[in-house]
Every structure is written in C-alpha cells, then in structure tokens.
Amino acid sequence: MNSYLITDLDNLVYCSLATALLPFCAFLILFFGGKQLPRKGDWLAASFIGISFVLSVVIFFSVWEGRTGVASIRWISLAGLPDNAFTISVRVDKLSSFMMLTVCLISLLVHLYSMEYMKGKLNYTRYFPYLSVFTFAMLGLILSDNLLITFMFWELVGFTSYLLIGFWFTKEVAVKASKKAFLFNRIGDLGFILALMILWSLAGTFDLQFLKGSIEEPSFWVTLAGLGIVLACIGKSAQFPLYVWLPDAMEGPTPVSALIHAATMVAAGIYLLAKVTFMLGEDVLTTIAMVGATTMLMSALPALFQNDIKKVLAYSTISQLGYMFVGIGAGVPEAALFHLFTHAFFKAGLFLSAGAVIHYMHEIKHVLFHEGVYNDFDAQDMRFMGGLKTKLPLVFIVFVVCAASLVGLPLLSGFLSKEAIIGAAYNWAEASGSAHNSIVYYLVPLSCFITAFFTALYMTRQLIMLFFGDFRLENHIPYLRTAKHDHHHQSLLISLPLVVLCGLSVFIPFSWNPFSPQSSWFIQALNQIFESNLEFSHGVTYTTVALALAGIAAGVLMYRNKVVVAEKEEKVSYVTELLGKNWYLEKIYYHIMVVPGFRLAFYTTKIDFVIDKLLDGIAVVYVVLSHIVAWFDKSVIDGLVRLVAGIAAFISGLFKNIQSGRVQQYFAYTLATVLLLIYLFFNWMN
Amino acid sequence: MIPSTHFLIVAAFLFAMGIMILIVKRNAIAALMGIELMLNAVNINLVVFSNLNRQIDGQMFVIFVIVVAVAEAAVGLALLLQVYKNYRTSDLDKITKLKG
C-alpha cells in the first residue's frame, strides 16, 4: 500500500543527500549565472527547494514507518588512527527527517514569499543564492552524523546568517548587526571546538554512532565537553548570556528573519542538544534548564517595551527557545523538539505576517512618494500602525491564530508543545527537588509560568498596536486621510505561505486530541527514541492556560486605550528604560568586554612603546659599534692590503716601461745586449 | 789587389748603417730596407771570407741568403701591408700594440 515510500535504506540515504544538495545546485547556478536568467532565477531556487520539499516529505513518511538510514564513508585515513577516526556519515532517522521536513517546508514558503516581498529590491540577484546556500547548510547540519562535519555546517549556517543579516549592506545598522551576530556566535563556537577536542582525546572519533558506544560513564571531561556543546547552542540558539545578537539580527530582510532567525537556524542548537543527549550528564542538563529558564523570562520582559514590530517577535523567539532549552534540560527532548516543530510554523507565520504588514507600510510610502508627499517614517515602527484589521484581514486572521498558538491557547499547536515542556519541567523539578532536597529546582517551572503570562501580555499588546484602534500613521501624515491608498491587493505569493503556516498552527496536524500532548503522534514516535516520562499533571496545564488568559485580559486592559505617540517620548519610567534597552545587557557587555579590551590594548601599546624604545637603543648601540668597526676595517685592514698592493705596483712600475711596444726599442735593447755579451765574451776569453 | 780589410770595413759600415736605419727610421718600409742593408753587409763578409779561404761554399751560401732575403722581403712587405690595413699607418712609433 505504501508503494510510493522509499523502502531501500540506501535509496533513503541517497534521497536525503539529494534533498540537501539540490539547494546547493541552485546556489551554484544562481550565484554564477543568476543575472542571465529571467527574473534573476528566483523561480529556479524556489523549484529546487520545492523538489527538496517533496523528497523530504517522502523521506519523512518512509522514516516514520520505522526505518533508519545510516551511511558512513571514510574521509581521511591516517596511519596509526582507527578507521572511524574521520568519517563522513549521514543519518536519516525520525529526528533528522522531521527537521528536514520543517526546514524544507519553511524554506519553500519563504522562497515563495520572498519572490513577492523582495521584488525590485536592491541586490535581488544575490538574495536567492544566499537563501539556497543557507538551506543547504541547514540540511547538511541536520543530516550529518559526525560532529566535525556538523561543526562545518554549523559554521556555514552562521556565515550565511551573517550574509543575510547584513543583506542591506548600505545600512550601517545592518552591517553592525551582522558583525555582532557573527562575533557572538563565535563565542559559542569556541565551546564547540573545545568539546570536539575533548571528545577526540576521549574517544578518538567524531562519529556520533561510535561516540555513543565509547562514552559510558560520565566523567569530568565528558561533562566539560557537554558544557562546551551547550555553550555552542547558547550562542546559536540565542540564550542568555549570548542572546543579544538576535534582536539586532532583525535588520535582515523579514523573510530571512522568519526562516533563519525564528524557525530553523536558531533551532539548530536545540536539535544538536537532542542529538547528543547521551553525553549530557545531570549537571549539564541542570545547567541547560537554568539557562533556558533565565533566558525565557529575561527576554519576555523586554518584548513588552519594544516598538519595532520585528523586535517583539525576536524577543519572543528567544523566550520560546528558552522553553526548548528547559525541555532538553528537564530530560524530555521530545517535548523540546515538539515545541521546535510547532514553533517553527507559528513563528514563521508571525514573521511573515509582520512582513506583510511592513510590506503594506512600504507600499504606502511608495504611493505617498509618487503623490509627492515624501515622508521617511519607519515602516517597522508599531507606533505608526493600528487599525490594520480592516485593511489586511487575511494577515489579521493569520496573525491572531499564530499569536494564540504562541501564547499557548488550547486547540492550537503551541498549546500542545508548551504544555509538554512545562509539564516536563514541573516533573523534573519535583523529582530533582526531592532528590536534592532543594526548592531551587522549582524556579524553572515558575519561570515557565511567569513567562507564559508575559507571552500572552506582549502578544496582546502587539496585536492591539497592529490591528486595533486607529491607523496612527494618519495622525502622523494627515494627507493619508484624504488620499486613496486602498488599492492594495495581497499577492498570492504572500497569502499562500501565510495560509499554510496558519493551518499548521492549529492542533489538527499534530494531534487528534487537542488537549493531550501525549497523544500526539509526533511525541509518541520520538518517545521511542528518548523514552522519557510523559505523564504530566493536569494542574500544570490548567495553571498555564489560566495564566495565558490572565495575560491576555491584562493586555487588553492595559493597552486597549493607550495612546502611543511616536515622536514625543513620554516621560520614561525606570522600568521602561531598563527593559526597552534589554536590561542594559549591551551596555554591560560593552563595559565588561569592550572597555577592558580597549584598556588592555592601551596598556599593551604602552608596553610596546617601552619595548620599541629598548629596541631602538640597542639598534643605536649597534650602529655606533658598526661605525667603529667600519672605520677600523677601512683604515687598518684595507690600508695593509693597499700597502702590499702598492709595493707590488711600485716594483712593477720600475720595469713596465721596458714593454713600450716599440719594435725599434726592442731591437735597440737586443743589440745592446748582444754587444754586451760579445764584449763580455771577449773579456772572459782573455 | 784590394786588401780584404777594405771590404770588411765597407761591410761593417753598411752593417752599422743598416742598424742605424732600423733604429732611427720611423717608416716601417725604411726599417725593412735597413734589414736588407744588414743582410747585404753580411753577404759581403761571406764573400770576402770565402775569397780569403779560397773556397766556394761561402759564395754559395750568399746565393741562398739572397734567395731567402727575397722571400723574407716579400713576407715582410705582406706583413706591412696587413699592418697598414689594420692600423692605417706605417709609422712604427704609432704601432705599439705590444706595449705591456
């Protein structure tokens, strides 16, 4: 009956490789020949991703039947090292196939969306190759079963993220943001490299299937390696203390934010942690949970005070990634992965809706420009929005559904996954708390509860600011009231991804029972791998939902009639200042890292100056010495030589005039000599 | 009969003249002529002593000397011609290639 599924394991591996390499082909074609193609080749990138998506669906269903494709080839063989030291290995199992599906689907939707969103933008040619190569790197990262190869793709993913954040490279902010993202990821990558080195010296291989066998009992070094990987994931998945790069990364194009900085790349950390759970000891897991709990609360609060439409979503992403960290840390990776899965869709939906709103604002700007009213307002500032409910009805519906999913209301996908995580966190706190006789562990579920409340609050605030009330741009530019600017029509390329993502934000695709995460096919299938406890108490669920509803109610009460004015800064309270500036984390980092760095550099230059002076002095001494030596050489030694030569020249000068070259003189000498000889001869004879 | 001493005096005079010419004259041809003169002086001596000894071989030798002198003059002139070709002069003071 399942004849369309791939049953041969080799074919499974080949298909997954094809899935990963198709976007790479698209990248190569577009990068080197994109300018020649019609429409700059965007259709080519989208169709390649489309094929990848179809393949990934087939792979997904094949794998979900219970198959696992593993392939491993030797990469480098060195004398004295075992055969499995350097391998290139691919593993297609439930974990990787669902990630592939997520990445391909969202990448496809983002490609389609971008064809409309990025139309006519600067550097359109360059945009799609970047997206393709990102998809390739992400798929490679997912498929690889070798930590070294994973690390390479990890870097590649970070690099493409850097390229896309700085896509509008004429904007200074974007360039700075891309550099910041890259540098903060570097800190995390340091942890990855350390972990790789430790694992190499412990096990002599990077291949996960061999590592699994060779790491038995948790030792200090294994814990350290685990912490290294956690640091890498903290960097990539934007957790405290390295999360400050993600809000700035919103300078990239909005579809990119949806794909990379909400749905896929930032989830790579969670995925990696889930893959290496076998080597994460109890201490490491506790660290992960604590980091996640800190992050989710720390980033949920600033989200309340952002005015940039995308920054709210960015902080919300960080917060949700914190939930996933807690899920991993609580020892229930399937809950974390489930949240990753659902979050990818509803957060991409939110970002793409936000993109549609921004697109609309941009269009107004264009129309105004053509009508002669130039006004360079910030198209992402929520203080200029409002009342968009009637203007963008579809976007409104999608946004509401996705936001409700994010808040965790029942009947939606976010509810299922969030409940699973909070339930797991509560169970974990109970177990660890009683084992260690400490209530510190209860801070983690507490943080989850509080964050659930604030999530509802900031999403309500954003919803009200975007879609309800008056269209505040009209207060800013009164001309708009009279002008007709309702000739906006939603392109199918924009609405289709929105509808798809909206559909994936409700409970039906994930579970038939909207109230029980345990009954979700996804969790059940993954539970066969991780085999963790999935019995969650109902009290937790009720509390969370009650808190979410309370958050919504509070949000409606607080923000319903609030008048927001963009130009005039109302007198800012201390809390607003603190949270609006993201806890002054940037400032703290500046004072902790940058200022001492500069100071160190300053003192180093001072020391350098002293060293320079010393070197100068030595050089001067050398010069003086060499002058003396040169004088000695020239006058004494050369003089002696010249004296010898002079003597020789003097002696030769005495005789050289004989050789005058005149034959007659020679003859005269000869004659004289002969006469002398004759004279002597006769004298001698007598 | 003229005594042999006169011939010898003439020959010595000629020989001295040849040496003088060879040393003093700047022109290479003149110097060659000096050499010829010396040769002839020697010839006279040969003839004189052959006459004194009443033997013919001295005079025979003179014939050979004259023949060789002819060849030598030819070679000498040919050399001079080549020298002139190369140096564009026959002034012996200017041909000082042998100067060390």
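These notes go through a predicted model of two chains, from overall build to single residues.

1. Chain A. The chain contains 26 helices and 2 strands. Its radius of gyration is 38 Å, well over the 26 Å that the globule rule gives for 686 residues, so chain A is more spread out than a compact globule. The C-alpha trace of chain A spans about 155 × 70 × 55 Å along its principal axes. Of the 686 residues in chain A, 49% are buried. Among contacts in chain A with a separation of 6 or more, 81% are between residues 24 or more positions apart.

2. Chain B. Here there are 3 helices and 0 strands, and the order along the sequence is α-α-α. With a radius of gyration of 17 Å, well over the 13 Å that the globule rule gives for 100 residues, chain B is also more spread out than a compact globule. Its C-alpha trace spans about 50 × 25 × 25 Å along the principal axes. Buried residues account for 10% of the 100 residues in chain B. Of the contacts in chain B with a separation of 6 or more, 46% join residues 24 or more positions apart.

3. The contact between the chains. Chain A contributes 10 residues and chain B contributes 11 residues. On the chain A side, the residues that touch chain B are 4 nonpolar, 4 polar and 2 charged.

4. The nonpolar core. The largest nonpolar core has 217 residues, and within it V357(A) and A425(A) touch the most other members. Helix α14 of chain A, residues 333–370, supplies the largest share of this core, 19 residues. Setting aside neighbours within four places in sequence, V357(A) is in contact with I309(A), M385(A), L388(A), L392(A), V395(A) and L466(A). As background, nonpolar side chains in soluble globular proteins tend to be buried together.

5. Helices α3 and α14 of chain A. The axis of α3(A), residues 94–117, comes within 11 Å of the axis of α14(A), and the two cross at roughly 5°. Angles under 35 degrees count as roughly parallel, and that crossing therefore makes α3(A) roughly parallel to α14(A). From α3(A), the contact uses F98(A), T102(A), I106(A), Y113(A) and Y117(A). From α14(A), it uses F341(A), A344(A), A348(A), L352(A), G355(A) and H359(A). By class, the contact of α3(A) with α14(A) has 8 nonpolar, 3 polar and no charged residues.

6. R186(A). This residue sits in helix α6 of chain A, residues 172–203. R186(A) is partly exposed, with 13 other C-beta atoms within 10 Å.

7. A cis peptide bond. F240(A) and P241(A) are joined by a cis peptide bond with omega of about 5°. P241(A) belongs to the loop between α8 (220–236) and α9 (245–248) of chain A.

8. Positive phi in chain A. N437(A) is not a glycine, although its phi is positive at about 55°. The residue lies in the loop between α17 (413–436) and α18 (443–467) of chain A. N437(A) counts as exposed because 7 other C-beta atoms lie within 10 Å, and the limit for exposed is 12 or fewer.

9. Positive phi in chain B. R88(B), a residue other than glycine, has a positive phi near 55°. R88(B) is in the segment after α3 (57–87) of chain B. With 8 other C-beta atoms within 10 Å, R88(B) is exposed.

How values were computed
Residues numbered from 1 in each chain as written. Chains lettered and ligands numbered in written order. Predicted model: local features only at pLDDT ≥ 70, side-chain atom pairs only at ≥ 80, totals over all residues. Contact = placed C-beta atoms within 7 Å. Nonpolar A, V, L, I, M, F, W, Y, C, P; charged D, E, K, R; others polar. Helix = DSSP H or I, 4+ residues; strand = E, 2+ residues; numbered from the N terminus. Rg over C-alpha atoms; globule rule 2.2 N^0.38 Å. Buried ≥ 20, exposed ≤ 12 C-beta atoms within 10 Å, placed from the backbone. Core = buried A, V, L, I, M, F, W, Y, C linked by C-beta atoms within 7 Å. Axes fitted to C-alpha atoms, helices over the stretch in contact; angles between N-to-C directions. Parallel < 35°, antiparallel > 145°, perpendicular 65-115°, else oblique.
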